[in-house]
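These are notes for a colleague who is opening this entry for the first time. Please read them with the structure in view.

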Amino acid sequence: MPGLARFNAADGDVALALLREVCASAAWAREILARRPYPDAEALLGASDAAVAALGTGDLDEAVAGHPPIGRPAPGDPVSAREQRGMAGAPAGLRAEMLELNLAYQEKFGHVFLICATDLTAEHLYDAIRNRMDNTPEREREIVRGELGRINRLRLARLAVHPVSEGATRP
């Protein structure tokens with residue numbers, strides 16, 4: 001895998017910057033970086049799973065803070081636009097309801113609604129946020145950790161396949 005070989009060989013600062021584009025948690029990125037080199041993508045993904053599971057409350061908050069709200073991908077960020085593609089063609093009414101639910105969710109839980117949105121339709125995303133609004137903060141934190149793990153796996157899998165260059169940004 002050319003991307004994984006280049007990632008393994010990349011300068012520490014370059015590799016750390018790439019990892020911080022995958023996940024905003026500094027603790028997660030340092031843990032992944034410390035375990036290099038990876039013999040294959042499965043080892044990299046397994047290390048990510050372990051690092052996500054070990055994140056403390058503040059580290060998980062830092063990771064979640066790096067994600068834009070569903071329906072509002074970060075301007076100029078092709079990764080968040082690609083991951084949230086399901087909302088792109090949503091009717092105006094559904095987009096407005098998602099905005100309201102995003103705000104209510106953020107007020108209740110103190111962070112953005114995090115879901116691995118890749119390949120999900122706007123309707124699915126809407127149903128997911130509505131269903132999760134009734135969760136306790138503790139249950140929601142468990143779900144968020146799982147969703148973060150899924151997002152990191154998808155992004156790392158792309159990193160492992162695509163070549164890494166000195167000027168590279170987001171996998």
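1. Asn-135 counts as buried, because its relative accessible area is 17% and the cut-off for buried is under 20%. This residue sits in the loop between H9 and H10. Leaving aside neighbours within four places in sequence, Asn-135 is in contact with Lys-108, Phe-109, Glu-140 and Ile-143. The model is a predicted one, and that applies to every point below.

2. An α-helix has 3.6 residues a turn, so residues three or four places apart point the same way.

3. With a relative accessible area of 27%, Asp-59 is partly exposed. Not counting residues up to four places away in sequence, Asp-59 touches Ser-25 and Ala-27. Asp-59 and Thr-136 are 77 residues apart in sequence, and their C-alpha atoms are 20 Å apart in space.

4. Which residues have the most contacts inside the largest nonpolar core? They are Phe-7, Trp-28 and Ile-32, in a core of 50 residues. In soluble globular proteins, nonpolar side chains tend to be buried together.

5. Trp-28 is worth a separate look. Not counting residues up to four places away in sequence, Trp-28 touches Leu-19, Val-22, Cys-23, Ser-48, Ala-51, Val-52, Leu-55, Asn-152 and Leu-156.

6. How many disulfides does the model contain? The count comes to zero. Cys-23 is in no disulfide, and the nearest cysteine sulfur, that of Cys-116, is 13 Å away. Cys-116 is likewise in no disulfide, with the sulfur of Cys-23 as its nearest cysteine sulfur. A disulfide would need the two sulfur atoms within 2.5 Å. At 1% relative accessibility, Cys-23 counts as buried. Cys-116 is buried too, with a relative accessible area of 3%.

7. A cis peptide bond joins Arg-36 and Pro-37, with omega about 0 degrees. Pro-37 lies in the loop between H3 and H4. Asp-119, in the loop between H8 and H9, has a phi near 70 degrees, a positive value in a residue other than glycine. Most residues other than glycine have a negative phi, and most peptide bonds are trans. Is Asp-119 buried or exposed? Asp-119 counts as exposed, because its relative accessibility is 68% and the cut-off for exposed is over 50%.

8. As for the chain as a whole, there are 10 helices and zero strands. Read along the sequence, the pattern is α-α-α-α-α-α-α-α-α-α. Among contacts between residues at least 6 apart in sequence, 71% join residues at least 24 apart.

9. On overall dimensions, a compact globule of 171 residues would have a radius of gyration near 16 Å, and the chain agrees because its own value is 16 Å. Along the principal axes, the C-alpha atoms fill a box of roughly 50 × 35 × 25 Å. Of the 171 residues, 45% count as buried. The accessible surface comes to about 8,400 Å², of which 55% belongs to carbon and sulfur atoms.

Terms used
Residues are numbered from 1 along each chain as its sequence is written. This is a predicted model: local features need pLDDT of at least 70, side-chain atom pairs count only at pLDDT 80 or more; totals for chains, interfaces and linings use all residues. Side-chain values use heavy atoms; hydrogens and water are left out. A nonpolar core is a set of buried Ala, Val, Leu, Ile, Met, Phe, Trp, Tyr and Cys residues joined through side-chain atoms within 4.5 Å. Buried means under 20% relative accessible area, exposed over 50%, partly exposed in between (1.4 Å probe, protein chains only). Contact means heavy atoms within 4.5 Å. Helices (H or I, at least four residues) and strands (E, at least two) are DSSP runs, numbered from the N terminus. The radius of gyration is taken over C-alpha atoms; the globule rule is 2.2 Å times the number of residues to the power 0.38. Accessible areas come from the Shrake-Rupley method with a 1.4 Å probe; for residues, only the protein chains shown count as cover.
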